[in-house]
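Hello,

I am handing over the structure we talked about.

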Amino acid sequence: MVEDETIATPPGKLWDRMKSDPQYAPEHLALEAVRRLGPQARDWAERSRAAQPGLPADVLAERATKRFRTHARLSGAVSGAAGLPGAVVDVGVLAWTQARMVLHIAAAYGIDPTHPDRATDLLVLQKVHKAAETARTALGVAAGRERASALFARAGGTPMAGVMLRLGLRLAQMAGVRAAKRMVAKVVPGAAVVLGTWANSSATTSLAKRAVEIYRDTPPRALAAQ
């Protein structure tokens, strides 16, 4: 499949939103992922089933896992920049790639990847929140801030370095603990990035296993209650 470059990385407007409101960066990313990536995941699953009728859902989910695990290995080289800005972009792209994978896995099991509940799933699966209830509350706050006209001026009085650090740490939390360590390694002058592609792959593989466990046998309507 030819990669759609328009959705391979977080869109510019999402970056602006997250920089303006770094505390809720994972929530903004999850909301945008479902809006922008959910339809792609749905269409992919429909095309795959049409091309191979009777294809087991587990096989389709494994294809999605392999595809986006490969993307995750490469995501650390996306920015091409050193220091804090490059590290923030790296973990942001990784978190976005992982969200794409989870939505594709959901679609593989016949679960609507465009449903708003998938944003809740993303935040719980990526361990931003421990429970769906708190994830929903945070998503509601983020959606309200997104609509507020003051959102884009929120970071105006905060030094950009501080904003980027907060944003990077929140996105690293979403992408996995190893990604957070990798970001620190990239930011510290002279530090070797020892985790590299293995860290991205490991965090993404663990996330895929959690997604499969949830989506394989759970009726779609019951997911949001977990």
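**Salt bridges and overall fold**

E32 and R17 form a salt bridge through their side chains, at 3.3 Å from N to O. This is a predicted model, so please read every value here as computed. E32 sits in helix 2 (residues 25–51) and R17 in helix 1 (residues 12–20), so the pair ties together parts 15 residues apart in sequence. Both E32 and R17 are buried.

A second salt bridge joins the side chains of D58 and R216, at 3.1 Å from N to O. This pair links distant parts of the chain, 158 residues apart: D58 is in helix 3 (residues 57–74), and R216 is in the segment after helix 9 (196–215). D58 is partly exposed, at 39% relative accessible area. R216 is also partly exposed, at 42%.

R118 and D121 make another salt bridge, at 2.6 Å from N to O. Both lie in helix 5 (residues 117–125), three residues apart, or about one turn of the helix. R118 is buried at 2% relative accessibility, and D121 is buried at 8%. Elsewhere, salt bridges with shared partners join R17, E32, R35 and R36 into one network. The structure holds eight salt bridges.

Now the whole chain. It has nine helices and zero strands. Of its 226 residues, 51% count as buried. Among contacts with a separation of 6 or more, 76% are between residues 24 or more positions apart. The chain exposes about 10,500 Å², with 58% of that supplied by carbon and sulfur atoms.

Best wishes

Notes: Residues numbered from 1 in each chain as written. Predicted model: local features only at pLDDT ≥ 70, side-chain atom pairs only at ≥ 80, totals over all residues. Heavy atoms only, no water. Helix = DSSP H or I, 4+ residues; strand = E, 2+ residues; numbered from the N terminus. Buried < 20%, exposed > 50% of the residue type's maximum accessible area, 1.4 Å probe, protein only. Contact = heavy atoms within 4.5 Å. Areas by Shrake-Rupley, 256 points an atom, 1.4 Å probe, with all protein chains shown as cover. Salt bridge = Lys/Arg side-chain N within 4 Å of Asp/Glu carboxyl O.
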